[in-house]
Amino acid sequence: QVQLVESGGGLVQPGGSLRLSCAASGDIVSLPTMGWYRQAPGKQREPVATITVDGSTNVADSAVNGRFTISRDNAENAVYLQMNNLKPEDTAVYYCYARCYVRRWTDCWGQGTQVTVSS
């Protein structure tokens with residue numbers, strides 16, 4: 001089993017910043033890709049950004065380009081999302097993601113952390 005635990009969500013005013021963290025634990029063989037998805041009310045879960053074990057990043061959502069930065073610490077099996085200049089439309093539940101091995105390669109998810117951007 002592989003567990004992903006997020007932290008760092010909360011309520012922030014427009015223009016503010018938050019840093020999300022996600023720590024993986026359990027029977028970790030490898031985490032070739034980690035990342036963040038988000039799900040806004042009434043919408044499907046969508047990718048925000050991913051990062052490979054060698055540090056290659058992909059920002060899937062153009063709306064966050066220049067505002068969000070993804071990083072990871074391979075030694076700690078952790079991934080981070082620095083979110084700056086937050087906007088109300090960034091309000092969503094943010095989920096940590098990892099490609100992980102549990103008897104076979106599969107997608108592992110955290111429980112989600114709420115980010116609310118409001119004045």
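Predicted model: local features only at pLDDT ≥ 70, side-chain atom pairs only at ≥ 80, totals over all residues.

Biologist: How many disulfides does a search of the whole structure find?

Modeller: The search finds 2, counting cysteine sulfur atoms within 2.5 Å. Cys22 and Cys96 form one, with sulfurs 2.0 Å apart. Cys100 and Cys108 form another, S to S 1.7 Å.

Biologist: Which strands hold Cys22 and Cys96?

Modeller: Cys22 is in strand 3 (residues 18–26) and Cys96 in strand 9 (residues 92–101), 74 residues apart. Strands are DSSP E runs of at least two residues, numbered from the N terminus.

Biologist: What about handedness?

Modeller: The S-S torsion of Cys22 and Cys96 is about -80°, so that disulfide is left-handed. The Cys100 and Cys108 link has 70° and is right-handed.

Biologist: Are Cys22 and Cys96 buried or exposed?

Modeller: Both are buried, meaning under 20% relative accessible area, with exposed over 50% and partly exposed in between (1.4 Å probe, protein chains only).

Biologist: Switching to rings. How are Tyr97 and Trp109 arranged?

Modeller: Their centres are 5.2 Å apart and their planes at 55°, so the pair is tilted. Rings of Phe, Tyr and Trp (its six-membered ring) pair with centres within 6.5 Å; planes under 30 degrees apart are stacked, over 60 edge-to-face, the rest tilted. Tyr37 joins Tyr97 and Trp109 in a cluster through ring pairs.

Methods:
Residues numbered from 1 in each chain as written. Heavy atoms only, no water. Helix = DSSP H or I, 4+ residues; strand = E, 2+ residues; numbered from the N terminus.
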